[in-house]
Amino acid sequence: MKSFLVSRQAIHRISLLSSKTPTFCRNFSAITSSISHSDRHLRSYDEQTHFKNVEIPRPISSFNRYFHFTRESRLSESSAAIDDSNDQEEDDEEEDGTTNEFLSRFVWIMRGKVSEAYPDCDKKMIDGMLLLIVEKVVEEIERGGFNKVGSAPPSPSSDFSDDLWATIWEVSNTVLKDMEKERKKEKMKQYVQSPEVMEMCRFAGEIGIRGDLLRELRFKWAREKMEDAEFYESLEQQRDLDNSIRESESVDGEVEEEGFVPSDEIESRSISLPKRKGKFKYKIYGLELSDPKWVEMADKIHAAEEEADWREPKPVTGKCKLVMEKLESLQGGDDPSGLLAEWAELLEPNRVDWIALLNQLREGNTIAYLKVAERVLDEKSFNASISDYSKLIHIHAKENHIEDVERILKKMSQNGIFPDILTATSLVHMYSKSGNLERATEAFENLKSYGLRPDEKIYEAMIMGYVNAGKPKLGERLMKEMQAKELKASEEVYMALLRAYAQMGDANGAAGISSSMLYASNDPLSFEAYSLFVEAYGKAGQVDKAKSNFDEMRKLGHKPDDKCIANLVRAYKGENSLDKALRLLLQLEKDGIEIGVITYTVLVDWMANLGLIEEAEQLLVKISQLGEAPPFELQVSLCCMYSSMRNEKKTLQALGVLEAKRDQMGPNEFDKVITALKKGGFEKDARRMYKYMEARKFLPSQRLQMDMVAPPRAFGSGSGRVRR
């Protein structure tokens, strides 16, 4: 069964048409040749144009169902129709080139569709089919049916089925769209070469815009010029139409004088521009300026402009200039009050003159500027505003001058001026940096009480303050508050919290930070994050999780450093798994990863605790061979090891190093060294180190307190005996 159903009479009719009308075939050959040229031109346009490509819809599948011809068609009528259509086509080619181009493109596309549906038909048969289609298309053009793009209307003839007519309409729409693109392309050529566009391109080239970007901008500017021109042309057409309507109405008025016309039948035919609906929207570089908040901002700007003093500063000459030079040469301990009073008396300054003085001092002498700026705040002629206070507080806060900042804040409150967001931000940064969490929290809460919304920098400053104070839990709570407000914390904040949890050995806190990092970013964790996880789980005694993070880090291609290996070995030391530690070190050695000083230090301390003195001393030899300075923890381990051996000489030698660097010792190191000295019989040395610990205000452990209360042993460093 054919996909196209044609009656025998219709096929016979088409064959007769094809044999009796050679002129029609010749005309169709000419049309197809012209269409071949136009198709190549169309493809060239599609490759070069910068307009949005319009998709050509696929022909509907139902087109392959029916191709109807009626049996009542007569040969004489069709022959006459062919002659008339040929004559009409020649007239159209002479009179209307647009219609000829439309038909040429239409026949080219329809020929492919008909040939695809009827692969067994010859060229004459297909030309006959196309002739019947073109007849109906020409009739529809004369009726004005193909003047716009849209959905297909019902078939105007019983010769064609609705599916066939829908396909004809679809091809016609495609041709109209292509012709419109051609028209726009030809029109664009005029505007691309227009003087205004060329001038803009020249300016863009001078500021460094080149290549594809300049080409896109050139077409964009040309398209905007073309749209403007079309808009004004449409206005001109509407004006002409309005004038013609008014003229016709005047003629109708004269006619109405002769005959009565009901008033309700008279319709107003005047044409005007459509009314705009909704609110005006203005966008500049993607910024929505139609928001009401910009109206308030504009009012504030206008108010500030009205308050601004646009006068020029007074010239400073004579004695007044000498006083200014003295102000510029002020030192740290000098008082500028007398010079300021003299300068004000000579010049009688207003705000502009004070600002000129401060700018000159800031360029030449920062110390003098800060002193003078603080005293100028009290001058009535200066008329200090919140920005003057904020600027001065920001400079002092940046240098961590807490006393100066608090003095200026007190002066602000006395004058009834409340801090703005810049002042509150500077205060939070300053107090967080100095470790004064109480004042930082107070400034942070004041910021929120004023109705100001903290930004990422303020939150991060508070979090870092909590981290530096050893309170990462509070910092993590602020970070969750940031996430609730859709504020994204930086990677530095995550790593600071993770580092704090790792130093404390808080495995749960480290796991929470890990979840937050993975939620905030899909990127894999960094080497530092994995290293801190190993440290946190190792100190928490969760050796299996520490080892799993270590292995996962290596699978991702990260090479463990000496500190990471030492943290894992320290975790094995906590559960006294020497075999697992040795197995790990052997595997790393096979993989070409060398062990460093930090790992050897952990092993030395481990060997000393096990009483393996010879093995510990062998490790000391390896440390010396590396040529690196031994870490401070190694001196603690050596002091404990030699004191347990009762080796007075080496114990005192290691203890001397610790006393010289006792500022680096923490409570755990003090506890460990004092306990080892007590057990080794070095009572006087132990009590001396205990006094150092109390001076640092470290709290000793309960066991150490009991040992220090107990009476001294019979042997010690004062006896001069060396016990092994």
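## The second largest pocket

In this predicted model, the second largest pocket has a volume of about 490 Å³, a volume being the space filled by probe spheres set on grid points joined across faces, edges and corners. A pocket here is an open set of points on a 1 Å grid over the protein atoms alone, where a 1.4 Å probe fits, with protein on both sides within 12 Å along at least five of seven lines, and lining residues have an atom within 4 Å of a point.

Of its 18 lining residues, Leu585, Tyr600, Leu603, Leu619 and Lys622 lie nearest the centre. Helix H25 (578-590), H26 and helix H27 (613-626) each supply at least two residues of this lining, with the largest share, 6 residues, coming from H27. The lining divides into 12 nonpolar, 2 polar and 4 charged residues.

## The largest pocket

The largest pocket holds about 870 Å³ of space, and among its 26 lining residues Lys539, Arg570, Val602, Glu633 and Glu669 are the closest to its centre. Helices that each give at least two residues to this lining include H20 (491-504), H26 (597-610) and H30 (667-680). By class, the lining comprises 7 nonpolar, 7 polar and 12 charged residues.

## Confidence and conventions

The protein chain averages a pLDDT (the predictor's confidence in each residue, from 0 to 100) of 76, and 77% of the residues score at least 70. Over residues 263-271 the pLDDT is below 50, and this stretch has 12 contacts (heavy atoms within 4.5 Å) beyond near neighbours in sequence.

Residues are numbered from 1 along each chain as its sequence is written. Local features need pLDDT of at least 70 and side-chain atom pairs count only at pLDDT 80 or more, whereas totals for chains, interfaces and linings use all residues, and side-chain values use heavy atoms, with hydrogens and water left out.

Notes:
Helix = DSSP H or I, 4+ residues; strand = E, 2+ residues; numbered from the N terminus. Nonpolar A, V, L, I, M, F, W, Y, C, P; charged D, E, K, R; others polar.
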